Amino acid sequence: MGSSVETLEFQAETRQLLRLVIHSIYSNKDIFLRELISNASDALDKLRLASLTDADLAEVDTADLHISLEVDKEARTLTVRDNGIGMDRDDLVELIGTIAKSGTAGLLEKLKESQDAATAESLIGQFGVGFYSAFMVADKVTLRTRRAGTDSGTQWESDGEGTYELQAVDGLPVGTSVILHLKPADSEDGLADYLAESKIRQIVKQYSDFIRWPIRMEGDRTDADGTTTRETDTLNSMKALWARQRSEVTEAEYHEFYQQISHDWLPPAETIHMRAEGTFEYEALLFIPSQAPFDLFSRETKRGVQLYVKRVFIMDDCEALMPNYLRFVKGVVDAHDLSLNVSRELLQHDRQIRGVRRRLVKKVLGAVKDMQSKDADRYTKVWEQFGRALKEGLVEDTDNAEALLGLVSAASTHDPEKTTTLREYVERMKDGQDTIYYLTGESRAMVENSPHMEAFAAKGYEVLILTDPIDEVWVDQVPAFDGHRLQSIAKGQVDLDESADDDKEGDAAKAQREEDFAALLPWLTTALSEQVKQVRLSSRLTTSAACIVGDAHDVTPTLEKMYRAMGQQIPTVKRILELNPTHPLITALRTAHDAGADDPALVEIAELIYGSALLAEGGELPDPARFTRLLTDRLTRAL
């Protein structure tokens, strides 16, 4: 030992803050070791850099920079040792003796205002007091250090109450040793046995596996003969693939790492390796799986990628870095400029994190776009697995709606097996067509057999067949693709006349039909007023007697049911009954009405026509028993 012991007091505010750190802030006490290893790693980084830039340190030995963990079960101490840059007395007073020296009062005020541990921990993260998490698990902390380029060292020691002691010490090696005098294990207080080798290995593997420097620890090993020896093991893999150049990483290494973080034994469909430099540096290694997980659409599904700060694990499922519709993406993001104690709440509002998220989203969507243009088979498989989730982005992410629309692939009447992109649909559009037609439904068979399809099929117009529940939502959110409006063939008016001659002939025929049905249509509208808001003639039917359509901006019945299933009460939307003026049933109804509008049987027939149209589109009858009785009565009379 060197000079006499110097006892210094913590400031009053600092004592308050220290008590909060020890007793209130951290819910997971295991992170103390993460914090100390991260500090040690920083010290090694600083020595490596200083040896290259400081002539006075050029002779410092940097051949075996490492971190050592040492357990003394008799003394109940755990030591975290590094041979990094070290500190002198002034460094200790500045960096450790004064906690959060700039802003302590402000932090304390915010902590008093916060009502929960998560908020408090997020505030602590802004002021960087991770070293003091050691007092959660230790009654006393002793720190011995010697700065590179100096001859003497310093010892700092405190029980975390009101004072700390400083003392000059001779004979210390360059670097820092943090000696924790551990509290007894206490499961009720969340204190594990931090002298147990298995526990230490588990914490290092979880939080510090990718630290670039080896983390070593001695342990007992027993061979086949029962002989026990002491061996030194390296606890961390140090294989941070994202920190290496892509050209230096093999596909086998990518696959192995993907398996490790995703627990998916199939190779990923795509690997995205990126690095950003500038005001906010980070590296990212992302994977698009080749198969969707079974819980992709479960409410309990966790999403987000793993977040690291300078190779130190911070959290799984960092939602702030990846939107919900990309929840299937796996990977890691390693940010260089975040606090280790950054919380989920802070990340949600961090401007730089939002910038990282935007770039990650563009990279993922760009990778899928590249597949679409360069490897159609791989793109098709990815879309089959994740297209439904990606289409959620058309509702959630307006900033990337155009990019997402370019990725959309859907079934259509053009091909009974292959899907089509919107771009391919536009390229096949008929001369003079400026609208992209679609129809939503529960299945392809139901859509193809819908009465709404008849005129489009007869005149050769391609119609997109949309059968995912999310299709009901996004088609109303997206006004157009490449200047072409999207229109449901079950909504609004449809005009498929293809030439000027057709227009002239059609106008004359339409006027005649309107005159022929002038009495029937208002009568039917009144008779079916509880079910529909209007009855009109149709231009979209060729073989069916009737169909039901909505106005251009009406909510569809399927979407109406979806809203109600989610607990949202919306008013019932009355729709429009369209009649085929050339169908024998409709012409017979017109004739019967002209002969006697007071015949009660006509109302029953009107109900049957409406019910049949409802069933044809896959709808549910409001009163199935009444419909069945009316149908049975009519059939009986016909025999």
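# Briefing: strand pairing, salt bridges and surface charge

Strand β8 (residues 215-222) runs antiparallel to strand β9 (residues 228-234), and seven bridges join the two. The model is predicted, so local features need pLDDT of at least 70 and side-chain atom pairs count only at pLDDT 80 or more, while totals for chains, interfaces and linings use all residues. Residues are numbered from 1 along each chain as its sequence is written, and side-chain values use heavy atoms, with hydrogens and water left out. Strands (E, at least two residues) and helices (H or I, at least four) are DSSP runs, numbered from the N terminus. Two strands pair if DSSP finds at least two bridges between them.

**The β8-β9 hairpin**

- Across the pairing, glutamate 218 stands opposite threonine 232 in β9.
- Five residues lie between β8 and β9 in this hairpin, and glycine 226 in the turn has a positive phi of about 85 degrees.

- Seven of the seven residues of strand β11 (residues 282-288) are buried, where buried means under 20% relative accessible area, exposed over 50%, and partly exposed in between (1.4 Å probe, protein chains only).
- In a regular strand the side chains alternate between the two faces of the sheet.
- Both faces of β11 are covered, with Tyr282, Ala284, Leu286 and Ile288 buried on one side and Glu283, Leu285 and Phe287 buried on the other.
- Strand β10 (residues 270-276) pairs with β11 in the antiparallel sense over seven bridges, and threonine 271 has phenylalanine 287 in β11 as its bridge partner.
- The hairpin of β10 and β11 has five residues between the strands, and glycine 278 there takes a positive phi near 135 degrees.
- Strand β14 (residues 330-335) is joined to β11 by six bridges and runs antiparallel to β11; in this pairing, glutamate 283 stands opposite aspartate 334.

**Salt bridges**

- The structure holds 35 salt bridges, each defined as a side-chain nitrogen of Lys or Arg within 4 Å of a carboxyl oxygen of Asp or Glu.
- One of them joins the side chains of glutamate 70 and arginine 81 (2.7 Å, N to O). Glutamate 70 lies in strand β2 (residues 67-72) and arginine 81 in strand β3 (residues 77-82), so the pair ties together parts that are 11 residues apart in sequence.
- Glutamate 70 is partly exposed at a relative accessible area of 32%, and arginine 81 is partly exposed at 30%.
- Lysine 391 forms a salt bridge with aspartate 468, with 2.8 Å between the closest N and O atoms. This pair links distant parts of the chain, 77 residues apart: lysine 391 is in helix α10 (residues 376-396), and aspartate 468 is in the loop between β18 (464-466) and α15 (471-477).
- Lysine 391 counts as buried at 5% relative accessibility, whereas aspartate 468 counts as partly exposed at 26%.
- Aspartate 375 and arginine 378 meet through their side chains in a salt bridge (3.0 Å, N to O). Aspartate 375 is partly exposed with a relative accessible area of 29%, and arginine 378 counts as partly exposed at 28%.
- A network of salt bridges links Glu197, Arg201, Arg221 and Asp233.

**Surface charge patches**

- Patches are made of residues with over 30% relative accessible area and no salt bridge, with like charges joined within 9 Å and nonpolar side chains (Val, Leu, Ile, Met, Phe, Trp, Tyr) within 5 Å.
- Accessible areas come from the Shrake-Rupley method with a 1.4 Å probe.
- A patch of negative charge on the surface gathers Asp139, Asp159, Glu161 and Glu165. Aspartate 139 is placed in strand β4 (residues 138-146) and is partly exposed, with a relative accessible area of 44%.
- A patch of positive charge on the surface gathers Arg351, Arg354, Arg358, Arg359 and Lys362. Lysine 362 is placed in helix α9 (residues 351-374) and counts as exposed at 52% relative accessibility.

**Backbone angles and a contact distant in sequence**

- Most residues other than glycine have a negative phi.
- Arginine 76, in the loop between β2 and β3, has a positive phi near 55 degrees and counts as partly exposed at 29% relative accessibility.
- Methionine 238, in the loop between β9 and α7 (251-262), has a positive phi near 65 degrees and counts as partly exposed at 31% relative accessibility.
- Leucine 559, in helix α18 (residues 557-565), is buried with a relative accessible area of 5%. The C-alpha atoms of leucine 559 and proline 469 are separated by 8.2 Å, and the two residues are 90 apart along the chain.

Conventions
Lys and Arg count as positive and Asp and Glu as negative; His and the chain ends are not counted. The place of a charge is taken as NZ of Lys, CZ of Arg, CG of Asp or CD of Glu.
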